[in-house]
Amino acid sequence: MPRRLGIIGTFVWDTVWTLEDQAAGRPLETWGGVSFSVASAAATRGEDWEIVPIAHVGADLFEQVHAYLDTVEGIGSRDGVVAVDHPNNRVELRYTDAANRGETMHGGVPGWTWPELAPHLERLDALYINFLSGWELDLATAQMLPRHFPGFVYADLHSLFLGPPLPDAPRKPRKLPRWDEWLRCFRAVQMNEDEYALLGEPGRFLDQELKHGGLGAVFITRAERGAQFIVAGREPGGPGTGHNVAFGEVAAHAAPPGGDPTGCGDVWGAANVCGLLGGLAAEASARRANAVAAAKLGHRGGSGLYQHLRDRRAEWDASG
């Protein structure tokens, strides 16, 4: 019987304007959002794991989402892919340089309440939450997880650091309200270095939580400068609490210049989750995630990404 990794997120139809697209006057339109996470997890999972997507999907794109999932191996139950009577999320990504961009969102499906979500967690062994809209779960629902879900829970906090959508304007970065309460909901969390800076002065809180609380690890992605991690004195995928806090970093994996960075953080997170669940230590898992994200640079969009990563397994499989 395979073990099951649930992935909570939002399927997004992306219109991507890199600097090259802007010069050409023609964007890329493709699946984005949680499609990056699903593709990466399916490509990097252990053979004894299957992927269970959990997402509200607008009725306007419901059939298209299932057509996308048909292209990805290792998908288990799709009962958590639920149609809702809202227009699906559509995002325009406009890059200002090779790594930074603004995001303008249209439409949007609602998040999950605890009574809606709880039945979809019953047969899962682990859970990866990617906050792509920022309201996949509200704080009250997230706080139910450590009380009622016994498995490993990893969260990429990304869009929790974005303000609410504005008409035809990019969402603006913000400090995360009640960030300490959010961090207590998860066993491991991920953010990029700009988001980490928005926490303010988290050092003392993290030291106490990692030593005595439920939080086991913090992973900080740094684009071309690799990644950092802060872990308690036990591996983040394992049980128990630790009393020592270790800091580390891994260099970015070598990659050819150029490429599309859209979704690299989502690819990185899913690969890291699968590495940790497969028994890799934090450093080895982060190193492998860097290599998987580097392989993603050679492919634009979430459509077709699973096969692209599988075809390049030799490039990243030995990195962990």
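This is a predicted model: local features need pLDDT of at least 70, side-chain atom pairs count only at pLDDT 80 or more; totals for chains, interfaces and linings use all residues.
## A hairpin to start with

Strands 6 and 7 (residues 101–106) run antiparallel to each other, paired over six bridges. Here, strands (E, at least two residues) and helices (H or I, at least four) are DSSP runs, numbered from the N terminus, and two strands pair if DSSP finds at least two bridges between them. Five residues sit between strand 6 and strand 7, and together the two strands form a hairpin.

Residues are numbered from 1 along each chain as its sequence is written, and side-chain values use heavy atoms, with hydrogens and water left out.

## The two faces of strand 6

In a regular strand the side chains alternate between the two faces of the sheet. Check strand 6 (residues 90–95): Val91, Leu93 and Tyr95 make up its covered face, while Arg90, Glu92 and Arg94 are on the uncovered one. Strand 6 also pairs with strand 2 (residues 11–17), this time in the parallel sense over five bridges. There, threonine 15 has glutamate 92 of strand 6 as its bridge partner.

Now find the open sheet of nine strands, which has mixed pairing and the order 5-4-1-8-9-10-11-12-13. Strand 5 (81–84) and strand 13 (245–250) stand at the edges with a single partner strand each, so one side of each has no neighbour in the sheet. On average, neighbouring strands of this sheet are turned by 15° against each other, direction ignored. (Axes are lines fitted to C-alpha atoms, for helices over the stretch in contact, and angles run from 0 to 180 degrees between N-to-C directions.)

Strand 1 (residues 3–8) and strand 4 (residues 49–58) are parallel partners over six bridges, with isoleucine 8 opposite isoleucine 54 in strand 4. Helix 3 (residues 62–69) packs on the sheet and touches strand 4 and strand 5, its direction making about 165° with that of strand 5. Contact, by the way, means heavy atoms within 4.5 Å.

## Leucine 69

Leucine 69 belongs to helix 3. Is leucine 69 buried or exposed? With 1% relative accessibility, leucine 69 counts as buried (buried is under 20% relative accessible area, exposed over 50%, partly exposed in between, with a 1.4 Å probe and protein chains only). Not counting residues up to four places away in sequence, leucine 69 touches Phe11, Val38, Pro53, Ile75, Arg78 and Val81.

## Nonpolar cores

A nonpolar core is a set of buried Ala, Val, Leu, Ile, Met, Phe, Trp, Tyr and Cys residues joined through side-chain atoms within 4.5 Å. The largest one has 54 residues, and Leu5, Phe11, Tyr154 and Phe219 have the most contacts inside it. Helix 10 (residues 264–277) gives this core its largest share, nine residues. Apart from that core lies another, of 39 residues, including Met144 and Trp182.

## Two helices to look at

In helix 9 (residues 203–212), the residues Phe205, Leu206, Glu209 and Leu210 are buried. Seen down the helix axis, the buried residues of helix 9 fall within an arc of 120°, so they line one face (the arc is that of the directions from the axis to the C-beta atoms). Arg204 and His212 are exposed on the face turned away from that buried side.

As for helix 11 (residues 282–296), 13 of its 15 residues are buried, so the rest of the structure largely encloses it.
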